[in-house]
Every structure is written in structure tokens, then in C-alpha cells.
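Notebook open, model on screen. I'm jotting down what I look up, one spot at a time.

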Amino acid sequence: MHFEELEALDPRNPTLTRIEMPTPHKVSVLILVKQYIKAKKAATDSGILYPTQYRRNFCMLLLKLIQYPDMTYNDLYQLLCSPKFKIDPLHLERFEKVMGDLFSLGIETLFDFAEMDNIENMLAEQLGVSQFSLVGLYIRRVGVILERLSFPEMMALHKNICLYYEKGVRSLTIGPRKPHCVPSSSEATTNITDEDHTMEESVLDTDTVHQDRNPHSKWSPKQAQLFVNQQCNLLEKNELRALSPIEMQTKLNEIIQDNPLNAKAYFLGYMNQLRLRDVFGALDALHRSFDRSPTHMMGQNDQKGFQYFSVNLAILHASFNHKKEALNALKECMMLAQECGDKRCLDLANSWYCLLNSSRIGPFEKSLPDIQDPGLIQSLSLAIEFVVAFGAKCGFLPLDLFELLLKSDELNNKNTLLEHISDSLALRTTLWVLYGRYEMSALYSQLLLNLKKTWVFGDVSNSESVSKVLANLSLWFNTQGEHQLSAVLQHHARTRFPRYPFAADWMTSECHIAIQQCIYRARWQEALRWCCQLYLLDKHDGNIQRAAVYIAKSYNNAARRILQNLLQENDLDTLRQVRVLMLLAYNSLSDKSISSETIDLLMQASVIAEGAYLQYEHAMIDIILAQVLLQMGLHQKALQALRNSIDTIYANGGIYDRAKTDFIFTRCLVAAGRDREQQHKRLLKSLPVLERAIEAFRKLEAHAKVLDVFAYISKTFNAFGFVAERNKYACKFKQYYTDNPVPREYLGMAY
């Protein structure tokens, strides 16, 4: 502990004052209230109604002046002149006159103001200030403290007020008041968006108040508590409105300097360090919070409360992927919770133990809370969502999982758990993605984003669920060829979630989008750089995308080695297993021969996908199988495989998969004709389908695929003996190849 903290713990310390001393700012606020009462009384006596706008502005301003820390006279004056809190000019003039008299006429003015009769007159009901209101309690508290001050203390207070006023007037004289005092009509009437207004209000509440810290102004315990609670709530639900890390740490240092034993301030510092991913700073702040907590001041026999610090320590280690240390802290927490009989903390520890062991369902059985306890409904809702996510990975029946989600929704709606309602919608979005219903996933994502705009969800619009659905929508727009909309969503998510862990969602989607675009455009080095970034976020996804790049680049041996290593991983989920097998099948495809290994890989992937209800992956396996059957000469079988999957691809697939399906379907349809004449007719009827595929490939800048379609049409017409049509598409091929040159080895590839 610091020396000031040890000093504060000593009750015999004569220098430690137990009564909060009034500051010049608090006296200025009382003067401001008194002059408001006089101005309002004068208007009433003359039969004029005091302007409603000035009353509203002053009430809103007074609430902030009472709740938030002291400010300099310069900041106070500029706030009184600001467009948002502009007060009556007569009121402002009287306030300036009293402050000037207090500075020039001496201490007698302060003694006259501090008389208790004067304070009691301010609390008269007929004047509009109730003694039981927030303002009334504030006035009485400051008035009582002023009455108890001795003469030397009053002299010191008057000196501080003079310094406070003189410094503020000098600052006002030197610096122009243009940001606040002279608002133009256009500035007063234009507000761009509600979000900008919210951001401006957040800065006003915390930053403008402390542009220049006055050494005579202190953070009171109540003000510090309000600041810490607000910032903790913002960090938890809407980090965008919270202070930046540097500004927050500056405020916390001021609070700790004025209130050395404020444990909550240290805990807010721990949360601030945690969002910066500073493990040592976060650990130090958590230890300091524990050392200064009221729990630590208790006797050795009373250990109640220690278990929650163990939970926070486990969360800290889990955030940095220190699994062993997190499990050790959880075991300690469980023992302390059992010793104290704290069932709620025990359920919380079991939930985190489940999360750290999410690959097994066994630990979950102990984390089921008692539904009869109303305080554990939140844990039960979380447990149901965990079971649904785990069951989806293990291949449980989708109908059963959605029924479980309905039970979770019932609990959330009955108990108004807004954050869990949004988490449930985000989980539905993820489930629809898993089962290949991308249109339904996009629909639920848009539903969640629309609900977040309403008043129902309050201030939880920047939660984890929003981060996930923004990343999901960005990926979906990219697969539909809407690159500008995808980029807009990526920029919005980057602005809205600037820091880890929520930033990992849009960073992962950004890597996937960039890798796919690089593959389409044959930018291999750039694609591999994005794979390295994705590997840092998700090891398995990074390796899968790297293998996809190698397959597209015809580095088959390197791709095969990566994919075989992935299949040996024990923690590879079902969806990734299917995708790895599909990539292995692509890797074994060749234009000249068909390997039996390709069929075996496709059959394995088909069995796993069907067992896990992965409908879209099962359809893509049929597409690859149709390619294989087409090369084997089994044209009718290839058509049958396509008919089984084409509806799923068209309903839920991106434009690349749809265009690729169109191309393969046309090839199978033409090849399945009885004779040349029927094949020619089918080709002519399929030309609009091929043109649609060309437009889709061109939109994605997949130049190699566009050239493949032109080459196929030209070669097919040449085989049928139609020279004019052959020359037409050969000319298109040459012209497109001239504008978009592609290396020959990337033409005609199956992937």
C-alpha cells in the first residue's frame, strides 16, 4: 500500500478529516442555485412566467453539476453559455456579480452567504426547491458543513475561492469563448445523428469537466462511485460510449489520489487494462482492488467474498488463454464458495469451468442451477444456450435444439433478460449458418440489428451478439457480390468494436473476405499474408484457408500435407472435418484421371454431413461428385446428383457457388444428350444460363472462371461444327484474356 492509504487506515490520525470539506466549485453551485431562485421569484412577483426553456436547461445542468466532479470556473462559465445548457442572461449576470463581490469585498460576503438562515431560505417549498429532493439534500449538506467550519477554515476556503475565481477569469480573458458562448443559429438547429449526440454528451459528462484539474477540487466518494459505476456499465455493454483508455486511467488516478481506499476504482482500472490486453497491468490492478476491498479488512474468520476475486482472477487468465491458471483459480473459488455456502458463486464458477471445457458435456451436468431460485435464472438461460451450442457441434437433431432455445426465450422474456434475448437471436443466426440456411441467418441478423435500435434493449447495443451478426452479414453480402455493402459493414464494425475480444469477430470475417477475393483474382502472396493473420485469430481456419490457396495455386502436395495434419486434430469440429475432406477431394481431382481416393473422400464427407444435418455442405459434396461423374462419363448420374442439390445451392448459396453450379449443370446437360443435334439444342437453350454464370464470375473478378466458360462454349461449338458461333466466343475469350491476363495453369481447374 501507499503511504496515503496507510495514513487513511489510522483512525487516530489528526490530519485526516472525516467530513468532506466544501470546495470552491460547490460554493459556486450554491450561488448559482440561489441566483436562480431570486430570478425566478422576481419573474413571479412581476407576473411574468419564467421561460420554460431556461428552467429545463438549468435543471439538466444542475443535475450534472451535482453528480459529476468539480470543474474550473472557466469550464463552468463556458458550460453556462453553451447552446445545450444556456441559462437566462439575467441569471448569468447576477451570478457573475456575486462571484465578483465574493472576490473583491472580502470574507464578510462568504460569512453572510454561509449563514444557516440563508440556506434555509433556499429550501422553502414555495420557491421550487424541495428539501427532500436531490438538489435540496445537496444544498443542506454543503450548508451544514459550511456552518461547522472554524474561522481559519473559512479563511482558507475564501482564499481558495479567490484563486479559483481569479484563475478562471484570467483563462476566460486570454482564451476566446467561441465554442460555447456565441452559437450560430445553424449550429443550434443541426444535429447530424443521435449517435453523434450521444458521443458529444459522453465527452461532456467526463472529459470537458476536467480539462484543467484544480488542486483545490476533489472527487467526493459519491461522485467517484457514480463515475466508476457508469464507466463499468459502459465497458460491459457499450464500450464505444466509455472513455478512451488513457482518459479513463487519468480520471482513475485522480480518484485514487483523493480516495486512496476506493477498491472499485482499482477494479475499473483492471477492466480498463483488460480491454488493452495488458496482462501484467490487469493483474496488478486486480490485486490492488483485492487488497483495498472491505472484505480484506474483515477478520480472519470471516472469509465471505474472497470467492468472487478468485472468479475474476480465473476470468482474467481465461481472457488471455491461460487455461491451466484459470482452472486452478476456479478450483479455489469452488472450495471457498462451498465453505461459505454461496450457491450462486458456485454455479458461476461451474459455468466458467464448462466454458473452459467446452469440448466435453460432462462438466455441464454440475452447472445446472436450481430453477426455483429466482436469482439463478440468468445462469439457467446461459446453461441452455451452452447446451444448444454444444449439441450443434455434436450433430444433435436441429428440431430439439430449437425447442431448447424456445425454453431459453421463455425464461428471458419472463425475466426481461435483454442481453440474453439478443444472445439467443445471435445463436439462432449461428445455427442457421451451420445448417446451410444462409438466407435465414441473414434474416435473423437483420432482425437483431433492428431490435437493437428500439428502446426495449436500452444501452446494450454494442454487445457481443451485435458484433457476431455484423460479421455474419458482412460475409453474406460478400458472397452475394455486394462488396461495397460488405465494406460498409466492416467499417461500421471496426468503428463500433475497436478492441478485443469483440473485434475478433470482424477481424475474422475480414480475413475470410480478403482471402476469397485474392483467390478469385489470383493474388497468392496477398492471400497467404491474410492466412497468417487469420491463423492468429483461429488456428484451424487459418490452416484450412491456406490449404485452399495452395489448391487454387496448384500446390497440391503442400495442400495435402496441411489437410492431413488437420484431420489428425482431436478438437476439429464436424463442419471443419467436412470442409477438410471436401478440399482433399478437390486436391485429388485431375483432368486426365479419376482417383478412387476422391470417391472415398466424398463418401466420408457425405456421411458426416448427413449425420450432422449440414445441408449446404452435403449439396456442395454432390456438386463435386457431379464433376467426378462427368469426367467418368456417367452423365445421367451426374445430372441426378445435381438435381438433388441444385435447389439448396440456388436458395442459400453465394453467387460464386450458383455460377459454378450453372456451369457444371450445363456441361452435364449437354453431355447427357443422345446425339449431336440434341446436344446442340441443349447448348443453345443453356446459353442464357452460361451468360448468367459469366456475369456472376465477372462481378467477383474471377477472371479464370470467365475464361473457362468462354473456352467451353467455343470448344463445344467447334465439336458440333458451328464455325460462326465458335469464332464469336473465341473472340470474346481473346478479348477478355487481353484485358484480364490469367496464367494458363489456372485455367480449367476444378476448384
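I started with Glu325, which sits in helix H17 (residues 323-340). Helices here are DSSP runs of H or I with at least four residues, strands are runs of E with at least two, and both are numbered from the N terminus.

Before going on, I noted that this is a predicted model, where local features need pLDDT of at least 70 and side-chain atom pairs count only at pLDDT 80 or more, while totals for chains, interfaces and linings use all residues. Residues are numbered from 1 along each chain as its sequence is written, and side-chain values use heavy atoms, with hydrogens and water left out.

**Asn478**

Next I went to helix H23 (residues 464-479), where Asn478 has its place. Asn478 counts as buried because its relative accessibility is 7%. What does it touch? Skipping neighbours within four places in sequence, I found His483, Ser486, Ile513, Gln517 and Leu700 in contact with Asn478; contact means heavy atoms within 4.5 Å. With Gln517 there is also a side-chain polar contact of 3.1 Å. (That term means a pair of N or O atoms within 3.5 Å; within protein, one must be able to donate a hydrogen and the other to accept it, and residues adjacent in sequence count only if both atoms are side-chain atoms.)

**H25 and H27**

Then I looked at a helix pair. H25 (residues 503-520) and H27 (residues 539-552) pack with axes 10 Å apart, at an angle of about 5 degrees. So I wrote down "roughly parallel" for H25 and H27, a label for angles under 35 degrees. On the H25 side, the contact uses His512, Ile515, Gln516 and Ile519; H27 brings Asp541, Gln545, Ala548, Val549 and Ala552. I sorted the contact residues into five nonpolar, three polar and one charged.

**Residues 615-648**

Last stop: UniProt, in an unreviewed entry, puts "domain: Anaphase-promoting complex subunit" at residues 266-358 and 615-648. I found residues 615-648 to be 94% helix and 0% strand, with the end C-alpha atoms 8 Å apart. Ser645 is in helix H32 (residues 635-652). Ser645 has a relative accessible area of 0%, so it is buried. Beyond four places in sequence, I listed its contacts as Ala619, Asp622 and Ile623.

How values were computed. Axes fitted to C-alpha atoms, helices over the stretch in contact; angles between N-to-C directions. Parallel < 35°, antiparallel > 145°, perpendicular 65-115°, else oblique. Nonpolar A, V, L, I, M, F, W, Y, C, P; charged D, E, K, R; others polar. UniProt positions renumbered as here; feature names shortened; annotations may be inferred. Buried < 20%, exposed > 50% of the residue type's maximum accessible area, 1.4 Å probe, protein only.
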